[in-house]
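User: I would like to go through the helix packing and the salt bridges of this model. Could we start with the helices?

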Amino acid sequence: MKTLRNPLLWITLAALLVCGAIVNSGCVALQPGADPLVVRAEQAQTVAEGTFDFIINLDHIDRGFWRTNAPAFHGFVEQLRFKVPVANVPGRTNLPRYLAAQWQLDRAKLDYLAARNAATSNALAAALLSLQALSDQTTAWLTIVTNRP
Amino acid sequence: MQAVAIAKVVLALIPLVSSGAEHLFAFVTSIRTAALQSGTWPADAEAAYQARLLAKADAPPAQSDAAIGIPSSLP
């Protein structure tokens with residue numbers, strides 16, 4: 001009975017259920033005719049958007065707290081917010097780094113869809129790797145700041 | 001008095017927790033959505049994605065410390 005009252009048990013069970021829900025959803029088969037490279041890019045876009053939104057808003061909720069207690073984390077988020085020059089964005093010449101990486105992948109994907117050749121597929125693969133690297137770094141920081149040492 | 005102080009702290013934390021939980025839920029949902037994707041996005045989803053990206057660029061969370069009046073913490 002005492003074990004059942006341990007909140008850690010329930011938190012662990014809840015975490016396992018959430019993980020189970022994600023893992024059991026698996027990766028579904030592609031529809032006939034769907035380009036795997038495009039679907040892979042869009043999957044990366046979806047995950048990256050959720051990851052970036054989470055970390056940017058987590059830091060923004062209390063910037064003073066993170067700045068004081070986790071300066072390296074806050075510095076990383078500031079690097080994500082740093083504005084970088086962009087092309088082909090309507091009405092803008094720069095975007096925060098994390099949005100620019102997402103926009104670049106989207107543009108590369110649309111260019112590839114318009115003309116599928118070696119150049120556009122290479123550009124799409126490069127943009128995908130670039131966004132994936134930034135997204136992976138962000139996920140690593142999420143793991144660090146949301147867990148006690 | 002201590003109970004009042006605790007209640008005040010809890011009340012102050014509620015908006016922070018609810019806001020954080022909302023983004024955590026969106027993050028988990030995005031992973032699930034990506035895992036379940038079987039085809040390419042329709043045109044309206046593509047347009048909505050681009051509109052969301054551009055809208056976020058002007059939102060306060062995307063602004064740097066310096067842009068919202070806090071001394072920059074970048075080296």
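Analyst: In chain A, α2(A) passes α6(A) in a left-handed crossing, where left-handed means that the near helix is turned anticlockwise from the far one by less than a right angle, clockwise being right-handed. Helices here are DSSP runs (H or I, at least four residues) numbered from the N terminus. The model is predicted: local features need pLDDT of at least 70 and side-chain atom pairs pLDDT 80 or more, while totals for chains, interfaces and linings use all residues. Residues are numbered from 1 along each chain as written, chains are lettered from A and ligands numbered from 1 in the order written, and side-chain values use heavy atoms, without hydrogens and water.

User: At what angle do α2(A) and α6(A) cross?

Analyst: Their axes cross at roughly 35° and come within 9 Å. The axes are lines fitted to C-alpha atoms over the stretch in contact, and angles run from 0 to 180 degrees between N-to-C directions.

User: Which residues of α2(A) and α6(A) make the contact?

Analyst: Among them are Leu37(A), Ala41(A), Phe52(A) and Ile55(A) of α2(A), and Leu124(A), Leu131(A), Trp141(A) and Val145(A) of α6(A). Contact means heavy atoms within 4.5 Å. By class, this contact has 15 nonpolar, seven polar and one charged residues. Ala, Val, Leu, Ile, Met, Phe, Trp, Tyr, Cys and Pro count as nonpolar, Asp, Glu, Lys and Arg as charged, and the others, Gly among them, as polar.

User: And how do α4(A) and α6(A) run relative to each other?

Analyst: The axes of α4 (residues 71-81) and α6 of chain A cross at roughly 155° and come within 11 Å, and α4(A) and α6(A) are therefore roughly antiparallel. That label applies to angles over 145 degrees; under 35 counts as roughly parallel, 65 to 115 as roughly perpendicular and the rest as oblique. The α4(A) side of the contact consists of Ala72(A), Phe73(A), Phe76(A) and Leu80(A). The residues of this contact divide into seven nonpolar, two polar and no charged.

User: What about α5(A) against α6(A)?

Analyst: Helix α5 (residues 97-114) and helix α6 (residues 118-145) of chain A pack at about 155°, their axes 9 Å apart. This crossing is left-handed. Its contact residues include Tyr98(A) and Leu105(A) of α5(A), with Ala127(A) and Leu128(A) of α6(A). They divide into 11 nonpolar, four polar and three charged.

User: How many lie across the interface of chain A and chain B?

Analyst: Seven. Arg92(A) and Asp58(B) meet in a salt bridge of 2.8 Å, N to O. The contact takes 49 residues from chain A and 40 from chain B.

How values were computed
Helices (H or I, at least four residues) and strands (E, at least two) are DSSP runs, numbered from the N terminus. A salt bridge is a side-chain nitrogen of Lys or Arg within 4 Å of a carboxyl oxygen of Asp or Glu.
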